Amino acid sequence: MATNLTMPQIKKSILIVGAGPGGYVTAIKAAQMGAKVSLIEADKVGGTCLNVGCIPTKALIHVSSTFSAIKEQSAKLGITVSGMDVDWAKAQQYKGSIVKTLVGGVEGLLKANGVAVYRGRGIVKDAHTIQVGSKTLTADCIILAVGSEPVRIPIPGADLPGVIDSTGTLALTEIPKSFVIIGGGVIGIEFASLFASLGTKCTIVEALPRILPPIDAEITRMVRADLEARGIAILTDARVESIEQAGASYTVHMNYQGQAQTVEGEKVLMCVGRRAMTQGIGLEEAGIVLNCGKVVTDDHFQTNVPGIYAIGDCNGKLMLAHAASAQGIAAVNHIMTGRDSYHAETVPSCIYLEPEVASVGRKEEELQEQGIAYRCGTFSLSGNGKALIEAGGKGMIKILADAKYGQILGVHIYGPRATDLIAAAAIAIRLEATVDEFTSTVWAHPTVGEALGEAAEAVFGNSIHWPPKKK
Ligand code: NAD
């Protein structure tokens, strides 16, 4: 549902706790819709995403992928490079300058929209009241956007000084020579790719039989093969049991496919998930129902206490910055107009590797499990000119469509600029577009995007730039 500034001004007041991408976006949207908004933040505005998450990570990934692109491709492209190196201190400065610019931008936007920002930890007192230090703030509604923090597995050695989380990794003052990464989820795989490009010997240790469980299995296999080809060791079915310090390095002990095994690293990154930061802020006392620490909400993101909403990582539905923002806007729409505006099926997942991974909608495994009749079209990016020029033709696009009407149900991309291309697929899913509508759209040439049209062609027929399937 679209919202705009011409909407009747409804006099509502809203208290928002947490100024990450969930809370600050929600605050701006609520102010634009005429609410009196107070935003409470204990630390810096921008939350995990801007300060110690998405943005600093992507800034360093930009450094590492630029470095590896020059290193790997310069000879082939006829570019002479000598004495190439990474000045990590400068890379860190670059990261810091991007973060500073964006945090300053958010502060400016909050001010320009008339949002009152209170510094301190917000404690919920009742359905209309938040305590911040000595101040008592009241409003018609409360939106909790308190985010999450990294989890540590309770094993011997988990608290050793060289065992760090994603925040510690972003603050490293030197590039480690070797890194053991516990957890083959999004954080583990992104950091392994980043540091491998800078020359670090990375070993990923994942308890499950595969890395990146939320991603399409076929793409995961391709990602794994490419990471291994870049020298990253990946141990799956490997459950870490303890860590011990051995001089300047650390030994990680694990059960690897039923056998005891060890792996050494100068640093150990523990990235085994995140938990909602819901403790000690008065939620249980206010009667709000939690499930394993996550705030339970309905489809409007309203808790069991009328007027109190919870959006983003703290409700545990989907720990993604853009999902938090979208949920916050939906909560505000519900408060201000009573209408819905969240379309969970359009929330993309993006992983910043070389090349990138992005997906939206249903996975093939889900459709199979749910017995939904579907057709699948795939297109290898080795058949796409732009992908060949820029990334050696690595990757593929997969489109899943309803078997009868051709409605697009899921799109999965592994290739250059996948994280930008996925926007077209998300809109297609939002508009319930069919394969026919996708193929009859004209895609610019030469672009990686035209491979989306080719993958759609493959759903019911043949792609133009791929030989026909043998009958
Ligand atoms: P995750 O849940 O995605 O992955 C953690 C992995 O650790 C799992 O695969 C799990 O099986 C494994 N694990 C758990 N215990 C283990 C053990 N004892 N030994 C070995 N492996 C073990 O968690 P994450 O990677 O920490 O990410 C946290 C959240 O942040 C996720 O929700 C993720 O989507 C989000 N995030 C998203 C992005 C992005 O969108 N690009 C980037 C970073 C983080």
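1. Burial. Of the 471 residues of the protein chain, 50% count as buried; buried means under 20% relative accessible area, exposed over 50%, and partly exposed in between (1.4 Å probe, protein chains only).

2. Basis. This is a predicted model, in which local features need pLDDT of at least 70, side-chain atom pairs count only at pLDDT 80 or more, and totals for chains, interfaces and linings use all residues. Residues are numbered from 1 along each chain as its sequence is written, and side-chain values use heavy atoms, with hydrogens and water left out.

3. Overall fold. The protein chain has 13 helices and 25 strands. Helices (H or I, at least four residues) and strands (E, at least two) are DSSP runs, numbered from the N terminus. The radius of gyration is 24 Å, close to the 23 Å that the globule rule gives for 471 residues, so the protein chain is as compact as a globular protein of that length. That radius is taken over C-alpha atoms, and the rule is 2.2 Å times the number of residues to the power 0.38. The C-alpha trace spans about 65 × 65 × 45 Å along its principal axes.

4. Contact range. Take contacts between residues at least 6 apart in sequence: 62% of them join residues at least 24 apart. Contact means heavy atoms within 4.5 Å.

5. Helix α1. In α1, 9 of the 10 residues are buried, so the helix is largely enclosed by the rest of the structure. The buried set includes Gly23, Tyr24, Ile28 and Ala31. Its buried residues pack against β1 (13–17), β2 (36–41), α4 (88–112), β7 (141–144) and α8. Glycine 34 follows α1 and has a positive phi, near 100°.

6. α1 with α8. The axes of α1 (residues 23–32) and α8 (residues 321–337) come within 8 Å and cross at roughly 30°. Axes are lines fitted to C-alpha atoms, for helices over the stretch in contact; angles run from 0 to 180 degrees between N-to-C directions. α1 and α8 are therefore roughly parallel to each other. Angles under 35 degrees count as roughly parallel, over 145 as roughly antiparallel, 65 to 115 as roughly perpendicular, and the rest as oblique. Val25, Thr26, Lys29 and Ala30 in α1 meet Ser325, Gly328, Ile329 and Val332 in α8. By class, this contact has 4 nonpolar, 3 polar and 1 charged residues. Ala, Val, Leu, Ile, Met, Phe, Trp, Tyr, Cys and Pro count as nonpolar, Asp, Glu, Lys and Arg as charged, and the others, Gly among them, as polar.

7. Serine 325. This residue lies in α8. Serine 325 is buried, with a relative accessible area of 14%. Leaving out residues up to four places away in sequence, serine 325 touches Pro21, Gly22 and Val25.

8. α3 with α6. The axes of α3 (residues 54–77) and α6 (residues 186–197) come within 8 Å and cross at roughly 45°. α3 and α6 are therefore oblique to each other. On the α3 side, the residues in contact include Leu60, Ile61 and Phe67; on the α6 side, Phe191 and Leu194 are among them. The contact divides into 5 nonpolar, 4 polar and 3 charged residues.

9. Alanine 433. This residue sits in the loop between α11 (418–430) and α12 (435–439). Alanine 433 counts as buried, at 10% relative accessibility. Beyond its neighbours within four places in sequence, alanine 433 contacts Gly406, Gln407, Ile408 and Ala428. Alanine 433 and glycine 406 are 27 residues apart in sequence and 8.4 Å apart in space, C-alpha to C-alpha.
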